[in-house]
Amino acid sequence: MAELRESLSLYRLLIAARVRAQLQYRTSFAIETVAAFLVSFLDFVAILVIFSNVPQLGTWSVAQVALLYALATLSFAFTDLVIGHLDGFPALIRDGNFDLMLVRPKGTLFQVITGDFQLRRLGRVAQALLVLGYALNTLAIDWTPDRALVLALTVPSGVLIYGSVWVAVICIAFWTVEGREAANAFTYGGAFLAQYPMNIFDRWLRRFLGYFVPMAFIAYFPALHVLGKTDPLGLPAVLQVASPVVALAAAVVASTVWRFAVRHYQSAGG
Amino acid sequence: MGLDTLRLDWELARRGYARYAAYPAATIAGVFVNTVFGFMRAFILLALFEQRDHIAGYDASATVTYVWLGQALIMTIYIFGWQDLALRIRSGDIAGDLIRPVHPLRASLAFDLGRALYHAIYRGLPPLLVGALVFRLVLPADPLEWLAFVISVGLAIVVSYGFRAIYNIVAFWTTDHRGAMFLGAVAVNLFSGFIVPVAFFPDWLAALAHATPFPSMVQLPIDIFIGRATGGEVLGTLAVQLVWAVVLLVIAERLFAFGVRRLVVQGG
């Protein structure tokens, strides 16, 4: 417990330093935050254009898809804020800088995660919050305590799932630095998939990116519960409240993969 | 401009090709990602056809073909952004380019054409082939249509280069070129018709898009491929692309000249 508290305070210290550094360049920060907002907004524009041609997509209305989109994007945005720089992790391996981390008195994953914190990614958070506001405002949700609880737990669970997937797939860099882009299919690909109703995708894609890589638990299942909507896929209702459990399981798998990868890491030496 | 310069362009283009051919594992990983996204985008747009047979003249086959061609163009025209030139300006390497006997923009265009050829073949064709195996795609029947499509993609690369050069040249005025790059990429993604076909847009947005060079990068080559433009329209389409290519290259060249005038490079 004391160790956890120490790690948390160290985390706060390191992240505060990074944030202060980024705020030194105010114009850059402002431009890049706006850019992040717009880049993220593009995905929602696609949804709006689609719905300008059809009234619903796989039985989902525009406001219902907006809810999926907002929950998925909010989870992804927070994950991206905290560990988005993992995309640059393969460079640490290639340059041999990961070796430095192995000799320091803190966990390697902790050091990699505290390596950066891109505040400009708040632009994406802001965009997702706007869409969430629109969705909740438009949908006449019949609020019950369990629905409120499921909604409240959706984003924390989503962050844990995205984070776990990100950590697990970036481990590919321990074996092949060049092939690291393949990880994007799971991280960015998963984030894209989660914005849409799972039932419009073909079965094999659903099984692979929806359940095996548990993207269906990011927004689709919790949204069904919150909306009181019948699952077009007809899957057991218990899945609709299972996101927190799936998230914890994903975290266990990810930390196991990370430890396995670090144990098998062979430095380039030098 | 003599034969020597053309020879030099050719050599630069070959270097551009070779530079990217050197990392096959990166290519395979990239193809994997583009293919996975291709499937997702195809299923999303196919869901529209559960309710309607046609949308803005597209049927399901044409729409799926549109998706896979778009995936094939991602790297070919660098839809998500490019900053090589901006990084050379920021680091001061551009000074070295300026003392060479070829205009830096011309050299970098030649290099980019070689790069684009590599990306078209190795990043573009594989996802397209996967798409053709899994879905029923619309293919041009006439060899002339294939020829027009290839020319159109070539022009799309030049148009995209012109636009990319413009947002990179911003680096002469600001040390932070990334904002300009992101905004440029946003405009390309939306107005080129990459994320959704321009024909699916509400009328006012489609009209806005067609007033910009962006459809010349993605939508127009695809229109030729899926047969939305036929006969004389094909020549008209190619002419629009050619005009935008020239206009953007001229703007880039003028901006570059302005930028060079205020360039100060430290060091000896």
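1. Is B:Asp97 buried or exposed? In this predicted model, B:Asp97 counts as buried, because its relative accessibility is 11% and the cut-off for buried is under 20%. B:Asp97 also has a charged partner: a salt bridge links B:Asp97 to B:Arg100, with 2.9 Å between the closest N and O atoms.

2. Over all chains, the salt bridges number 16. One of them lies within chain A and pairs A:Arg120 with A:Glu32, whose closest N and O atoms are 3.0 Å apart. A:Arg120 sits in the loop between α6 (108-113) and α7 (122-138) of chain A, while A:Glu32 belongs to helix α2 (residues 26-51) of that chain, so the pair ties together parts 88 residues apart in sequence. A:Arg120 and A:Glu32 are both buried.

3. Between chain B and chain A the count is 2 salt bridges. Polar contacts between chain B and chain A, with both residues at pLDDT 80 or more, come to 4 residue pairs.

4. Which elements of chain B each supply at least two residues of the side that touches chain A? They are α2 (24-46) and α8 (178-191). The largest share of that side, 15 residues, comes from α2(B). Sorted by class, the side of chain B that touches chain A holds 26 nonpolar, 4 polar and 6 charged residues.

5. As contacts, 36 residues of chain B meet 37 residues of chain A. As area, the two chains bury about 3100 Å² between them, and 76% of this is on carbon and sulfur atoms. B:Met40, B:Phe43 and B:Ile44 account for 19% of the area that chain B buries against chain A, more than any other three residues.

6. Another salt bridge of chain B joins the side chains of B:Glu253 and B:Arg254, at 3.4 Å from N to O. B:Glu253 has a relative accessible area of 31% and is partly exposed. B:Arg254, at 42% relative accessibility, counts as partly exposed too. Elsewhere in chain B, salt bridges with shared partners connect B:Arg7, B:Glu11, B:Arg14 and B:Arg15 into one network.

7. The largest nonpolar core has 168 residues. Which of them touch the most other members? These are A:Phe89, A:Phe98, A:Phe174, A:Tyr196, A:Phe201 and A:Trp258. The helix that gives the most to this core is α7 (residues 143-169) of chain B, with 14 residues.

8. Leaving aside neighbours within four places in sequence, the residues in contact with A:Phe174 are A:Phe89, A:Ile93, A:Phe98, A:Trp258, A:Ala261, A:Val262 and A:Tyr265. There is also a second, separate core of 5 residues, among them A:Ile15, A:Val19, A:Leu81 and A:Leu119.

9. How many residues apart in sequence are A:Ser267 and A:Ile93? The separation is 174 residues, while their C-alpha atoms are 7.9 Å apart in space. A:Ser267 is located in the segment after α12 (243-263) of chain A. With 33% relative accessibility, A:Ser267 counts as partly exposed.

Conventions:
Residues numbered from 1 in each chain as written. Chains lettered and ligands numbered in written order. Predicted model: local features only at pLDDT ≥ 70, side-chain atom pairs only at ≥ 80, totals over all residues. Heavy atoms only, no water. Salt bridge = Lys/Arg side-chain N within 4 Å of Asp/Glu carboxyl O. Helix = DSSP H or I, 4+ residues; strand = E, 2+ residues; numbered from the N terminus. Buried < 20%, exposed > 50% of the residue type's maximum accessible area, 1.4 Å probe, protein only. Contact = heavy atoms within 4.5 Å. Buried area = accessible area lost by both parts, 1.4 Å probe. Polar contact = N/O pair within 3.5 Å; in protein donor to acceptor, adjacent residues only side chain to side chain. Nonpolar A, V, L, I, M, F, W, Y, C, P; charged D, E, K, R; others polar. Core = buried A, V, L, I, M, F, W, Y, C linked by side-chain atoms within 4.5 Å.
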